[in-house]
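Visitor: I have the model open here. Can you walk me through it?
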Amino acid sequence: MVKKVVVTFTAGSAGRSLTYELIKKYDIMLSIIKADIDAGRNGKLVLELDADEDHIRQAIEYMENCGVEVSPLENKIKYDNTRCISCGACTSSCLSGALSIQAPDWKVVFDPDKCIVCRHCVTACPLKLFSTDFAG
Amino acid sequence: MAKTYEEINEKIRKGKAVVLTAEEVSEMARTMSPKEILGKVDVVTTATFGAMCSSGAFLNFGHANPPIRMERIELNGVPVSGGLAAVDTFVGATDCNVQNPTYGGAHVIEDLIAGKDVMLEAWGKGTECYPRKHIRTLISLKDINEAIMCNPRNAYQNYNVAVNTSDRLLHTYMGALLPNLRNASYSSAGELSPLLNDPECRTIGLGTRIFLCGAKGYVVWNGTQFNCSKPLNEHGVPMGNARTLALMGEMREMSTEFMRGAYFEKYGVTMYVGVGVPIPVLDEDMAARVSIRNSQIDTFIEDYGDGCKLIGQVNYEQLRSGEIEFMGRKIHTAPLSSLAKARQIADILKGWIQRGEFELTAPVRPMPTGTSLNGLEKRL
Ligand code: SF4
Ligand code: SF4
């Protein structure tokens, strides 16, 4: 399975060697989708973990034991669909396909599983319906 | 077997008029001739819900005691016109305060239509008859006098498709245009769009009653930049940005379901406006016009990354497929105006006419012919 998570760590936690450990200990295919680390070594990573379910669970437990906060990615892009007018402007710059609009009903659909938190939609939506707490 | 406006209105009053949306009639036209459509259909409803910057509203606040001649006016911090008498103003959709560029005139109009209180602050120099120099108070649509939406240019007949061949991301009023031709934005409602169903404005003119943001509004003039000299394709459709409409309506009858303030990144504020126009099927020519399909509506591809050059041509069926092939690439296409909302508007207007709540109006004056567009020459 493939799971995307946002990993938040502070200077004290093992942010630096984390990715190495994940690959070595839990046999995880790992891609870093986004990294945002400041000089004091506080930071956030968006990771895509590809392995079997057990290994992913163990890896997440391991990270939590190391003092880093792990949360599923879908919590990180918020979409206020109650105000959406289905203009489609957001779909134009969402290249992951997480946002789509098509026949027959031409209403915008958001599939969080496909979202890579590129934040294009945050600026593209003229009604400002997307938000994220992840500094881009 | 041509019909007159009066014959159609008589049917509407009796609840017997046959009304279809422009999409429904285009579907019908796959198997029926214009002559058969003329015999069957009386009115076709068209609609669009898109960003239209040339929009705004006239407001009259009423006089305070002692009165003030408002010369500088702000609504929720947005500077609006102080150039209309003592207590009138025009709120332009794109008016904004540079300190807070994402909230502008269109949002003020939306807040008023939503029934919210809006902060009014105004300054005057103080005169013998208007002694007050400053006022700060709350207003809402309940307590001011007139509130009239007035949009000098809405409902563009057709519009170019925007792409970007440069290697920079561009933020435009056509949305974010990704570098190297990775996306294309289009903005017309295609076969549902008002002026594409009556391309020469045979039935749409001054005084045409319409749906405007939920209200019964009117076409009050030809829109600004009304351009009759765009090339036609083989189906008589003008290519690119051609005719436009100036519209007016009572704000108190409007709903934020059908209008919204919007902000395009690094561009500015604009307003989404919902417009529905009924088109009477007067004769075979009109029956043929309203039968137009997306595959017959062409528009130009404009390169915003290279001086707005026209670099290609595409039709609305191709655009709606989600992908076009152009310059050897597959380009992801996305709309900028809401087809879902436009359909909702066409359906509501259809319901009004079917229930006899909305009669058609013949133009008081037709739209101009033979107009073209001047550029702005720099003479100094
Ligand atoms: S850009 Fe915003 S309003 Fe338009 S469809 Fe996307 S989420 Fe909805
Ligand atoms: S953050 Fe990027 S991938 Fe996710 S929905 Fe927005 S545009 Fe699409």
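Visitor: How far apart do the C-alpha centres of domain 1 and domain 2 of chain B lie?
Guide: They lie 33 Å apart. Domain 1 of chain B covers 5–53 + 150–354 and domain 2 covers 62–144, with bounds taken from an automatic or database domain assignment. This is a predicted model, where local features need pLDDT of at least 70, side-chain atom pairs count only at pLDDT 80 or more, and totals for chains, interfaces and linings use all residues. Residues are numbered from 1 along each chain as its sequence is written, while chains are lettered from A and ligands numbered from 1 in the order in which they are written.

Visitor: How many residues does each domain of chain B put into the contact?
Guide: Domain 1 of chain B gives 15 residues and domain 2 of chain B gives 15 residues. Two residues are in contact if their C-beta atoms, placed from the backbone, lie within 7 Å.

Visitor: Which elements of domain 1 of chain B give two or more residues to that side?
Guide: They are β17 and β18 (268–280) of chain B. β17(B) gives the most, with 5 residues. Strands are DSSP runs of E, at least two residues, and helices are runs of H or I, at least four, numbered from the N terminus.

Visitor: And chain A, how many residues of chain B are in contact with it?
Guide: 22 residues of chain B are in contact with 20 residues of chain A. On the chain B side, β17(B) gives the most, with 4 residues. That side divides into 12 nonpolar, 6 polar and 4 charged residues. Ala, Val, Leu, Ile, Met, Phe, Trp, Tyr, Cys and Pro count as nonpolar, Asp, Glu, Lys and Arg as charged, and the others, Gly among them, as polar.

Visitor: Switching to ligand 1. Which residues are around it?
Guide: Among them are Cys84(A), Cys87(A), Cys90(A) and Cys125(A), each with its C-beta atom, placed from the backbone, within 6 Å of the ligand. The shell divides into 9 nonpolar, 2 polar and no charged residues.

Visitor: What is the make-up of chain A in helices and strands?
Guide: Chain A has 4 helices and 8 strands. From the N terminus on, they run β-α-β-β-α-β-β-α-β-β-α-β.

Visitor: Back to chain B. Is helix α4 covered or exposed?
Guide: Mostly covered: 8 of the 9 residues of α4(B) (residues 105–113) are buried, that is, 20 or more other C-beta atoms, placed from the backbone, lie within 10 Å of their own. His107(B) and Glu110(B) are among the buried residues.

Visitor: What follows α4(B)?
Guide: Gly115(B), whose phi is positive, near 90°.

Note on methods. Buried ≥ 20, exposed ≤ 12 C-beta atoms within 10 Å, placed from the backbone.
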